[in-house]
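These are my notebook entries on a single structure.

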Amino acid sequence: MDVLLLLVFMMVVLPSLHVVESVRTPVLENFEYCAVNCRAYSASVTDFGGVGDGTTLNTQAFRKAIEHLSQYSSNGGSQLYVPPGRWLTGSFNLTSHFTLFIHKDAVILGSQDENEWPVIDPLPSYGRGRDTQGGRFSSLIFGTHLTDVIITGDNGTLDGQGDLWWKKFHNKQLQYTRPYLIEIMYSDNVQISNLTLVNSPSWNIHPVYCSNVIVQGITILAPVTSPNTDGINPDSCTNTRIEDCYIVSGDDCVAVKSGWDEYGISYGMPTKHLVIRRLTCISPTSAVIALGSEMSGGIEDVRAEDILAINSESGVRIKTAVGRGGYVRDIYVRRMTMKTMKWVFWMTGDYGSHADNNYDPNAIPVIENINYRDMVAENVTMAARLEGISGAPFTGICISNVTIELAKKAKKVPWTCTDVSGISSGVTPEPCELLPGQAEEKFGACSFPEDNLAIEDVKVQTCTYRRNL
């Protein structure tokens, strides 16, 4: 009997004493993560009334938390933790010297109520929204005029619940342009890393008018039939690094932009000094890497390498038109592997899709010094479709050491070229006459820059989140 009583005591009484003790004693919750900058102050969204049950609206909890933490911007910065749960919210704005950390078992859900998405002005380099004239819905996570802002996690999730928005787009029921999942504007030192983004209403990640941007370790998943769900769109940005990302998209996986027609020309802010590396992309109806079509502020010095494309429409595509103005120049792409493609290379000089009818028909884009090398592709319908602009050909195209295996039902003519000029070396199947072949000793042509951009030298450090519950 004494033994039985002892067992009962151990099984029933001791656990209850432990529960009481755990309530009385603060539990220290802490973990480490990697970021460019660390923070002095920490809080959880639950400290501000957040409830992660998937149905409670947390817009005000996020806004209050960030407003409170903004007081530490000049005193070591702050970090907001999103713990496990499903956190329904509308749009909220970030602050400077701030980190938003999303736990691996946390999902931030975009609200289905349009009233939770403030309407903001069109981008000045676009003149209008992409879906409609006039304003646009603010992104789920938004920030403007910030310094040192980080959105990261251990593969936590942003779910835009985009199906409602896609239906409104298809049914022409939108009053304003659809929101993105993340948009950061007019900001410096931006890190977006180690997250999964799913079902965005439109574009996923959009840094615009920013400098020193790192997008790293991102997974983006969207139905391949979803409209305009571009993966990562650096737009009028300087010094950007995109690396180690996996993207399945209904549009371009990475689309490099800099403004639209007369608005982009007037704003005049190019995208330049961009590195894209170790990217995997699936996009059956669009490009792995697109340059344009909104490129009126200019695009230059883009370096892409170690890219894997699977079941995508085109590997690299340049999209522009008369009226765009601007330029695309000094583009370097190497070590790209492609499996099941419609085109490997595609250049379009008559893309159309103007902001309005006030574009300048004399604004002719300049496309020059485009370099592709060291690529392998298989099961390809057509090697290349290169179409420049009559009277303003695309020049300085260089393609070297590229092997393209055509599909069984490939086009009879693997290359079509008009209004372009350049050279090729060691390319199979043989390119068009406008890209005449060079001797094998010139395989070194289509050179890739050997210097590092400043953004490549930015290092992360180990940071700690610590909070008393």
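Entry 1, the cavity. I take a cavity to be a set of grid points where a 1.4 Å probe fits but cannot get out, and its volume to be the space filled by probe spheres set on those points. I note that the model is a predicted one. I looked up the largest cavity and found about 40 Å³ of space in it. With the threshold set at 30 Å³ or more, I count one cavity. I list its lining as L123, Y126, R128, G129, R130, R136, T177, Y180 and W203. I sorted the lining of this largest cavity into four nonpolar, two polar and three charged residues.

I then turned to the largest pocket, which holds about 270 Å³ of space. Its lining comprises 20 residues, and I find R130, N228, D251, K319 and Y351 closest to the centre. By class, I record 10 charged, six polar and four nonpolar residues in the lining of the largest pocket. I note that R130 is named among the lining of the largest cavity and also among the residues closest to the centre of the largest pocket.

Just after α3, I record a positive phi of about 55° at K172.

I located S138 in the loop that runs between β10 (136-137) and β11 (141-144). Is S138 buried or exposed? I class S138 as buried, because its relative accessible area is 2% and the cut-off for burial is under 20%. I find a polar contact of 3.1 Å between the side chains of S138 and S91. Beyond four places in sequence, I list S91, N93, W117, P118, I120 and P179 as the contacts of S138.

I placed V82 in strand β4, residues 78-82. I record a relative accessible area of 0% for V82, so I count V82 as buried. Which residues does V82 touch, not counting those up to four places away in sequence? I find V45, F62, W87, L100, F101, I102, H103, A106 and I108. I also checked V82 against T464: they are 382 residues apart in sequence and 15 Å apart in space, C-alpha to C-alpha.

I found T320 in the loop between β22 (299-319) and β23 (327-348). I count T320 as buried, because its relative accessibility is 0%. Its contacts outside four places in sequence are M295, T348, G349, D350, Y351, P365, I367 and F394. Of these contacts of T320, I note Y351, a residue also named among those closest to the centre of the largest pocket.

I located E313 in strand β22. I class E313 as buried, because its relative accessible area is 14% and burial requires under 20%. Leaving aside neighbours within four places in sequence, I find E313 in contact with S283, P284, T285, S286, M341, K342, W343 and W346. I record a C-alpha to C-alpha distance of 9.6 Å between E313 and V380, which are 67 residues apart in sequence.

Terms used:
Residues are numbered from 1 along each chain as its sequence is written. This is a predicted model: local features need pLDDT of at least 70, side-chain atom pairs count only at pLDDT 80 or more; totals for chains, interfaces and linings use all residues. Side-chain values use heavy atoms; hydrogens and water are left out. Helices (H or I, at least four residues) and strands (E, at least two) are DSSP runs, numbered from the N terminus. Buried means under 20% relative accessible area, exposed over 50%, partly exposed in between (1.4 Å probe, protein chains only). A polar contact is a pair of N or O atoms within 3.5 Å; within protein, one must be able to donate a hydrogen and the other to accept it, and residues adjacent in sequence count only if both atoms are side-chain atoms. Contact means heavy atoms within 4.5 Å. On a 1 Å grid over the protein atoms alone, a cavity is a set of points where a 1.4 Å probe fits but cannot get out, and a pocket is an open set with protein on both sides within 12 Å along at least five of seven lines; lining residues have an atom within 4 Å of a point. Ala, Val, Leu, Ile, Met, Phe, Trp, Tyr, Cys and Pro count as nonpolar, Asp, Glu, Lys and Arg as charged, and the others, Gly among them, as polar.
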